[in-house]
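Work through the exercises below with the sequence and the 3D view open. Each task is followed by a solution in steps.

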Amino acid sequence: ALAQEILEVASIPVLLVKEAGPRLVRMLICTGAGEPGKADVVFGGRLARHARAKVTVLHLYPPGAESLIVDRGARHLEQACASLEALGVACETRLAAHASPAQGILEQLVSGDHDLLVIGAPARRDLRRLSSADLTSQIVERTNRPVLVVPRTE
């Protein structure tokens, strides 16, 4: 509930931490194809550069998606990795189909042993309508790993 209240008023990225973790070594940046996803990559990349952390950039698409959608996601990941490498950040990508975006993100977070998750959130004006069904809320509720929420600009 407190995290929800903070996210409703925040216009800057917010780091949510439930319990102390290890040194930041591996980051998972989740991104949607398109302009909003670029902000997550840029902000997460800057943090990764300062922490000297390795980054995995993840894009999920629905099972059975048209090849056009999958190809767009792949191009977005290539561009994201190029942007991160230009910052001096070691990068790898993951493109996968998953019926549940929240579950897919959480599975990758655990299987990749990532220390931090970076995820975008709707613009502040849209956050007031969020519920526990919202992707960001589902993830924050279901993990004890730190989550950096990057709000979309208005």
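Helices here are DSSP runs of type H or I with at least four residues, numbered from the N terminus. The model is predicted.

**Exercise 1.** Describe the length of helix H3 and state what follows it.

Solution. Step 1: H3 covers residues 67-86, which is 20 residues. Step 2: from its first C-alpha to its last, H3 reaches 28 Å, close to the 28 Å expected at 1.5 Å a residue. Step 3: after H3 comes Gly88, with a positive phi near 85 degrees.

**Exercise 2.** Sort residues of H3 into buried and exposed, and explain how the buried ones are arranged.

Solution. Step 1: a residue is buried under 20% relative accessible area and exposed over 50%. Step 2: the buried residues of H3 are Val70, Gly73, His76, Leu77, Ala80, Cys81 and Leu84. Step 3: these residues lie on the same side of H3, because they cover an arc of only 135 degrees around the axis. Step 4: residues three or four places apart in an α-helix point the same way, because there are 3.6 residues a turn. Step 5: Ser67, Leu68, Glu78 and Ala86 are exposed on the other side of H3.

**Exercise 3.** Identify the members of the largest nonpolar core that touch the most other members, and find which elements supply this core.

Solution. Step 1: the core has 19 residues, and Met27, Val55, Val57, Leu84 and Val118 touch the most other members. Step 2: at least two residues each come from strand E2 (26-30), helix H2 (35-51), strand E3 (54-61), H3, strand E5 (116-121) and strand E6 (147-151). Step 3: H3 gives the largest share of this core, 4 residues. Step 4: another core, of 18 residues, lies apart from it, and includes Leu7, Val14, Ile105 and Ile139.

**Exercise 4.** Is Thr136 buried or exposed, and which residues does it touch?

Solution. Step 1: Thr136 sits in helix H6 (residues 135-142). Step 2: its relative accessibility is 4%, so Thr136 counts as buried. Step 3: not counting residues up to four places away in sequence, Thr136 touches Leu7, Gly120, Ala121 and Val149.

Notes: Residues numbered from 1 in each chain as written. Predicted model: local features only at pLDDT ≥ 70, side-chain atom pairs only at ≥ 80, totals over all residues. Heavy atoms only, no water. Expected span 1.5 Å × (residues − 1). Buried < 20%, exposed > 50% of the residue type's maximum accessible area, 1.4 Å probe, protein only. Arc of directions from axis to C-beta. Core = buried A, V, L, I, M, F, W, Y, C linked by side-chain atoms within 4.5 Å. Contact = heavy atoms within 4.5 Å.
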